[in-house]
Amino acid sequence: MNNLGSIPDDAIPAVATRRLTEDAAGIAAAASLLRAGQVVAFPTETVYGLGADATDPAAVAKIFAAKARPRFNPLIAHLADTEAAFAQGFFDDAARSLAAAFWPGPLTLVVPSAPGCRVCDLARAGLPSVALRVPAPDLTRALLAQVGRPVAAPSANRSGRVSPTNADHVLADLEGRIAAVLDGGETPVGVESTVVACLGGVPRLLRPGGVTREALEARLGFALAGPERGDTAHPVGPGLLASHYAPRAQVRLEATAAAPDEVALLFGPHPLPGADAAQARLNLSPTGDLAEAAARLFSALRQLDGLGAPVIAVAPIPERGLGEAINDRLRRAAAPR
Ligand code: TXA
Ligand code: MG
């Protein structure tokens, strides 16, 4: 049994997971596996996604089995370009404006699904809306173009674990459970996409992420609705569980000092008292650069968690720009479970 309690680790038959290289042969192999209904992990600018043909419910079901996800949350459908995304949903003026400004990029738009939407009910969790995203990397878009269908993909980690930012992270969680991982190296943004719902009225921020609230609001010329900064106790989107990004260690936020039996996660140039005597310490960005900190966040959590200390003490991180997404993920990692 794993730590989810009810889902046995061996619930699916073991397969030999292939590590595909980021060249034409690797992309073609990944695309043909996806077209054949297999599950393949692939890089995006944010984190690695666990992809399946979004038009095929049997393929999408394999995502949930591989992740050992206890519930069918709605998934993001990934498209090769904006035109392909526009065909799947109804985009009002705000949605069009955000798509034009931030796609391709780390933004997911939740919009009413179009009559011709090909994203299956299982991938949408039966909702009348659909979550769409056009990722930025050339590698990802080449893969999506070759698949030629929307690709549903949550982050490529076991349910409850932190999101993977390289292929080794993916294999650590999913080796033997998925057909392949397309290895594109480290993901540059490091936190998941920002999710904004454009369902009529003022667009609503459902999840802070790789595009900052400030950048979205500057484009729109007005403030987004919900959630209040720092409010992860009241999830506004399905699947936005308060406890979600869960290392094995306890996570202690806003630490003003570290104890000797803890490991310390630091940010910026200011020393954290006790950190030098702690079991280990990592600095997300010694210069206080929030983009660098976001890119290193999940790797750092995995690394520190792997040392087996009971507590990860986390120094304060400013709640501006990408700090909003970083703190959102850290609060989830610290939430009681
Ligand atoms: O960066 C990312 O977004 C990564 C990469 C792989 O693209 N994907 C990702 O997927 O983080 P996932 O499944 O971990 O998160 C998808 C989020 C969830 O919070 C889900 O609730 C929300 O999108 N979502 C999807 N469809 C929705 C819908 N119809 N209405 C509201 N929220 C929705
Ligand atoms: Mg996830």
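Reader: Happy to be looking at this one with you. Is Ala 125 buried, partly exposed or exposed?

Author: Good place to start, and keep in mind that this is a predicted model. Ala 125 has a relative accessible area of 33%, so Ala 125 is partly exposed. Ala 125 sits in the loop between α5 (121–124) and β6.

Reader: And what is the phi of Ala 125?

Author: First the general idea: most residues other than glycine have a negative phi, and most peptide bonds are trans. Ala 125 has a positive phi, near 55 degrees. Glu 254 is another non-glycine residue with a positive value, near 50 degrees, and its place is the loop between β11 (250–252) and β12.

Reader: Which residues are joined by a cis peptide bond?

Author: Look at Trp 103 and Pro 104, where omega is about -10 degrees and the bond is cis. Pro 104 belongs to the loop between α4 and β5.

Reader: Let's read a helix, then. Which residues of α8 are buried?

Author: With a helix, ask which residues are covered and then which way they point. In α8 (residues 213–220), the buried residues are Arg 213, Leu 216 and Leu 220. They lie on the same side of α8, because they cover an arc of only 65 degrees around the axis. Packed against them are α4 (93–102), β5 (107–112), β9 (194–197), β10 (204–207) and α10 (323–334). After α8 comes Gly 221, with a positive phi near 85 degrees.

Reader: How many of the residues of α7 are buried?

Author: Six of its eight, which leaves α7 mostly covered. They are Ala 167, His 169, Val 170, Leu 171, Asp 173 and Leu 174. Their cover includes β1 (18–21), β2 (40–42), β3, α2, β8 (180–183) and α9 (290–305).

Reader: What caps the N-terminal end of α7?

Author: For a cap, look for a side chain that reaches a backbone atom at the end of a helix. Here Asn 166 does this, with a side-chain oxygen 3.0 Å from the backbone nitrogen of Asp 168. Just after α7, Gly 176 has a positive phi of about 85 degrees.

Reader: Where is Ser 163, and is Ser 163 buried or exposed?

Author: Ser 163 is in the loop between β7 (151–152) and α7 (167–174). Its relative accessible area is 0%, so Ser 163 is buried. The side chain of Ser 163 makes a polar contact of 2.4 Å with that of Glu 192.

Reader: What does Leu 109 touch?

Author: Setting aside residues up to four places away in sequence, its contacts include Phe 91, Leu 98, Trp 103, Val 130 and Val 196.

Reader: How many cavities of 30 Å³ or more does the structure hold?

Author: A search of the whole structure finds two.

Reader: One last stop: what lies around Leu 266 in strand β12?

Author: Leu 266 has 12% relative accessibility, so Leu 266 counts as buried. Its contacts include Leu 272, Arg 281, Asn 283 and Ala 315. Ala 315 is 49 residues away in sequence, yet its C-alpha is 5.2 Å from that of Leu 266. Asn 283, in strand β13, counts as buried at 19% relative accessibility. The side chain of Asn 283 reaches the backbone nitrogen of Ser 285 at 3.0 Å.

Conventions. Residues numbered from 1 in each chain as written. Chains lettered and ligands numbered in written order. Predicted model: local features only at pLDDT ≥ 70, side-chain atom pairs only at ≥ 80, totals over all residues. Heavy atoms only, no water. Buried < 20%, exposed > 50% of the residue type's maximum accessible area, 1.4 Å probe, protein only. Helix = DSSP H or I, 4+ residues; strand = E, 2+ residues; numbered from the N terminus. Arc of directions from axis to C-beta. Contact = heavy atoms within 4.5 Å. Polar contact = N/O pair within 3.5 Å; in protein donor to acceptor, adjacent residues only side chain to side chain. 1 Å grid on protein atoms, 1.4 Å probe; cavity = no way out; pocket = protein on both sides within 12 Å on 5 of 7 lines; lining within 4 Å. Points joined across faces, edges and corners; volume = space filled by probe spheres on them.
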